[in-house]
Amino acid sequence: MNGPNDLDDITGHDPKRSQTLRQLLDQLTRSKNPLLREMATAVQDGELTLRQAATSDTYGAELTAPFQTFWNAYEKMTPEEREALTAST
């Protein structure tokens, strides 16, 4: 499988976004949630793409809830706040 290419496709091949997504996956490998740890490790190891994980019955719900919370907050941010968030990663 091509996990890294999947991540690049998801981020539109933007190096900053790709790096941030990889850092987030790395953080998830240390999550208290065993399903998220398993999923992140599988994506990093190329055994699963992030798209497959997000649409799977096993991992989809675990990913959707926190992402929706983040996305709701992100959409309310000003462009300056979004830039600051990106710069802090």
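Me: Why is Asp26 called partly exposed?

Reply: In this predicted model, the relative accessibility of Asp26 is 34%. Buried requires a value under 20% and exposed a value over 50%. Asp26 at 34% therefore counts as partly exposed.

Me: What makes the contact between Arg30 and Asp26 a salt bridge?

Reply: The side chains of Arg30 and Asp26 meet at 2.9 Å, N to O. The limit for such a nitrogen and a carboxyl oxygen is 4 Å, so the pair qualifies as a salt bridge.

Me: Is Arg30 buried or exposed, and why?

Reply: Arg30 has a relative accessible area of 55%. Exposed means over 50%, and Arg30 is therefore exposed.

Me: What makes Asp6 and Arg51 a salt bridge, and which parts of the chain does the pair link?

Reply: The distance between the side chains of Asp6 and Arg51 is 2.8 Å, N to O, and the cut-off is 4 Å, so the term salt bridge applies. The pair links distant parts of the chain, with Asp6 in helix H1 (residues 3-10) and Arg51 in helix H4, 45 residues apart.

Me: How many salt bridges does a search of the whole structure find?

Reply: The search finds 4 salt bridges.

Me: How do you know that the span of helix H5 is close to the expected one?

Reply: Helix H5 (residues 60-76) has 17 residues. From its first C-alpha to its last it reaches 24 Å, close to the 24 Å expected at 1.5 Å a residue.

Me: Which residues of H5 are buried, and what do they pack against?

Reply: The buried residues of H5 are Gly60, Leu63 and Tyr74. They pack against helix H3 (34-44), helix H4 (50-55) and helix H6 (79-87).

Me: Why is the pair of Trp71 and Tyr74 called stacked?

Reply: Their ring centres are 5.3 Å apart, and their planes stand at 25°. Rings pair if the centres lie within 6.5 Å, and planes under 30 degrees apart count as stacked. The pair of Trp71 and Tyr74 is therefore stacked. The two residues are 3 residues apart in helix H5, about one helical turn.

Me: Are Trp71 and Tyr74 buried or partly exposed, and why?

Reply: Tyr74 has a relative accessibility of 17%, under the 20% limit, and so counts as buried. Trp71, at 33%, lies between 20% and 50% and therefore counts as partly exposed.

Me: Which residues are linked into a cluster by ring pairs?

Reply: The cluster consists of Phe67, Phe70, Trp71 and Tyr74.

Me: How do you know that the charged end of Arg82 sits over the ring of Tyr74?

Reply: The charged end of Arg82 is 4.4 Å from the centre of the Tyr74 ring, where the distance limit is 6 Å. Arg82 is recorded as sitting over that ring.

Me: Why is Met39 called buried, and which residues does Met39 touch?

Reply: Met39, found in helix H3, has a relative accessible area of 0%. This is under 20%, so Met39 is buried. Residues up to four places away in sequence aside, Met39 touches Leu28, Leu48, Leu50, Ala53, Tyr59 and Leu63.

Me: Which residues have the most contacts inside the largest nonpolar core, and which elements give two or more residues to this core?

Reply: Within this core of 13 residues, the most contacts belong to Met39, Val43, Leu48 and Leu50. H2, H3 and H4 each give two or more residues, and the largest share, 5 residues, comes from H3.

Conventions:
Residues are numbered from 1 along each chain as its sequence is written. This is a predicted model: local features need pLDDT of at least 70, side-chain atom pairs count only at pLDDT 80 or more; totals for chains, interfaces and linings use all residues. Side-chain values use heavy atoms; hydrogens and water are left out. Helices (H or I, at least four residues) and strands (E, at least two) are DSSP runs, numbered from the N terminus. The expected span of a helix is 1.5 Å times one less than its number of residues. Buried means under 20% relative accessible area, exposed over 50%, partly exposed in between (1.4 Å probe, protein chains only). Contact means heavy atoms within 4.5 Å. Rings of Phe, Tyr and Trp (its six-membered ring) pair if their centres lie within 6.5 Å; planes under 30 degrees apart count as stacked, over 60 as edge-to-face and the rest as tilted. A charge sits over a ring if NZ of Lys or CZ of Arg is within 6 Å of the ring centre and within 35 degrees of the ring normal. A nonpolar core is a set of buried Ala, Val, Leu, Ile, Met, Phe, Trp, Tyr and Cys residues joined through side-chain atoms within 4.5 Å.
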